[in-house]
Amino acid sequence: MSKPYYIFSSGRLSRKENTIYVEVEDNIKKSIPIEDVESLHIFGEVDLNTKFLNFLSQQNIPIHFYNYYGFYSGSFMPREKNISGNLTVKQVEFYIDQIKRQYIAISFIEGAIFHMQRNLREYEGTEKFVEVLKTELSNAYNTKSIPELMGCEGRARDAYYQAFNVILKNNFSFVKREKRPPTNPINALISFGNSIIYSIVLTQIYLTQLNPTISYLHEPGEKRYSLSLDIAEIFKPLIVDPVIFKLVNNNMLNEDDFEEDLNFCYLTENGRKKFIKEIDQKLNTTIKHRKLKRNVSYKQLIRLECYKLIKHFLSDEVYVPFKAWW
Amino acid sequence: MEKDDAFDKLRITGLKVNYLHVCKRKLWFFDRGIGMENTSDKVLLGALLQDYSYPKEKKRDVLIDDLIQIDLLDADTVREIKYSDKLKEADRAQILYYLYYLKKNGVHKIGVINYPKMKKREEIILTEELEKEVENDLIKIKEVLNLDRPPKAEKKPYCSKCAYYELCWS
């Protein structure tokens, strides 16, 4: 079972036969057998050469890079081997047809809001926010255009984030969602979590024949692989947010884990490590899948979501977004 | 005549004949470029078995007309290596198709399916009656591939071991 590797140290990445070597300062070498690697996530400053990239490409392993502040900056994706021209044509067809596009976009919001509600229900004093989510979800079903839908999504998300102030203890308050740059610890956590989930989803999409640039809720060409943003909507509240609640409410993070100034706030390396450790644990948590009748991890659920989209595009089975049932 | 025409145009691989007998839905997906084989451990095991069995044989993985890939080829036989005989009928149909294809090109051979793990082999001879079966298969494949959407998923005893299981049942 291969897994994502997160590299924080600075140094050199190289290939020696079928093994990846991470060489950090002081000549400490760590080896990672290639079979064990699903994707690489680079947070430190590393050197690598084309021989290394060719090796990753041959092994079909994507490598994702994050900048100094922990924001996603880009990926080296292996040459696409999993191509289905037939499916791509269908994907485009579902984008061009406004009604078909709207159905898929609403489905992503449906999944997202479902999981937001599910999170809030665990905490007392969030009832009024749950009400807003309910209202916006029923509004969303009646929308006819993407901007209208985005309006519902925006209002739902505002209410959801306001509820964070009720949920989060230990003097972590939230006030307002700010992205560029994040201005307080909670914004920093959300931004970092979103960066991670984005590349996790992208890695999963790459294992299927879906074209990651054709999206429905987000506009294609929003300078990213926007299908990854679409699918991440469903999984952010399922995977990232509970991790934030856990880290904050159990006192697992402290002031030292953030680098703060007047108008910005970022997670330090140590803070990121704590965050990723929890996210990774979450991704590997398994549940018994009702239809498959086998155990699947949260990470696999993302892949299954891709499969469901494929079936939708090929007119096999109508897409219904994933909703955690447990 | 019509059949010959179909035969020329279809350009069907042996795997497709095999899939017709295993699962029509899988055949449809595979044809549309939705392959699940590259993430399946079972498929990897099969490929490894093929590579490491019968190391003395020289003619391996022979590709004919950029279409038909034969595991092992010698003067008299066409051989196919399979992991287990659980889907015997499909294996048989696949090798019959190879024999049929070769015969169309004026080459007459005997088919053999090797099950090295089970220390078993099966010999297959193309008869006129069996030729009809192959032709029927080709027509059926064409029918499946012409469908606008994949055939509905049907639960079969071997579904859970298939590389397409999570696609079909998620």
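User: Which strands does helix α1 of chain A lie across, and at about what angle does it run to β2(A)?

Analyst: Good place to start! This is a predicted model, where local features need pLDDT of at least 70 and side-chain atom pairs count only at pLDDT 80 or more, while totals for chains, interfaces and linings use all residues. Residues are numbered from 1 along each chain as its sequence is written, chains are lettered from A and ligands numbered from 1 in the order in which they are written, and side-chain values use heavy atoms, leaving out hydrogens and water.

Helices (H or I, at least four residues) and strands (E, at least two) are DSSP runs, numbered from the N terminus. Contact means heavy atoms within 4.5 Å. Axes are lines fitted to C-alpha atoms, for helices over the stretch in contact, with angles from 0 to 180 degrees between N-to-C directions. Here, α1 (residues 50–59) of chain A lies across β2 and β3 (19–24) of chain A, at about 60 degrees to β2(A).

User: In what order do the strands β4, β3, β2 and β6 of chain A form their open sheet?

Analyst: Strands of a sheet pair through backbone hydrogen bonds, either parallel or antiparallel. Two strands count as paired if DSSP finds at least two bridges between them. In chain A the order is β4-β3-β2-β6, with mixed pairing. The edges are β4 (28–33) and β6 (46–47) of chain A, each pairing on one side only. Strand β2 (residues 11–16) of chain A pairs with β6(A) in the parallel sense over 2 bridges, and Arg12(A) stands opposite Asp47(A) in β6(A).

User: What is the order of the open sheet that includes β1 of chain A?

Analyst: That one runs β1-β5-β7-β8 (chain A), again 4 strands with mixed pairing. Because β1 (3–7) and β8 (72–76) of chain A each have a single partner strand, one side of each is left without a neighbour in the sheet. Neighbouring strands are turned by 20 degrees against each other on average, direction ignored. Helix α6 (residues 185–206) of chain A packs on this sheet, touching β1, β5, β7 and β8 of chain A, and makes about 165 degrees with the direction of β7(A).

User: Now chain B: how many of the 17 residues of α5(B) are buried?

Analyst: Buried means under 20% relative accessible area, exposed over 50%, partly exposed in between (1.4 Å probe, protein chains only). In α5(B), 12 of the 17 residues are buried, so this helix is largely enclosed by the rest of the structure. Among them are Ala90(B), Ile95(B) and Tyr101(B). Just after α5(B), Gly106(B) takes a positive phi of about 80 degrees.
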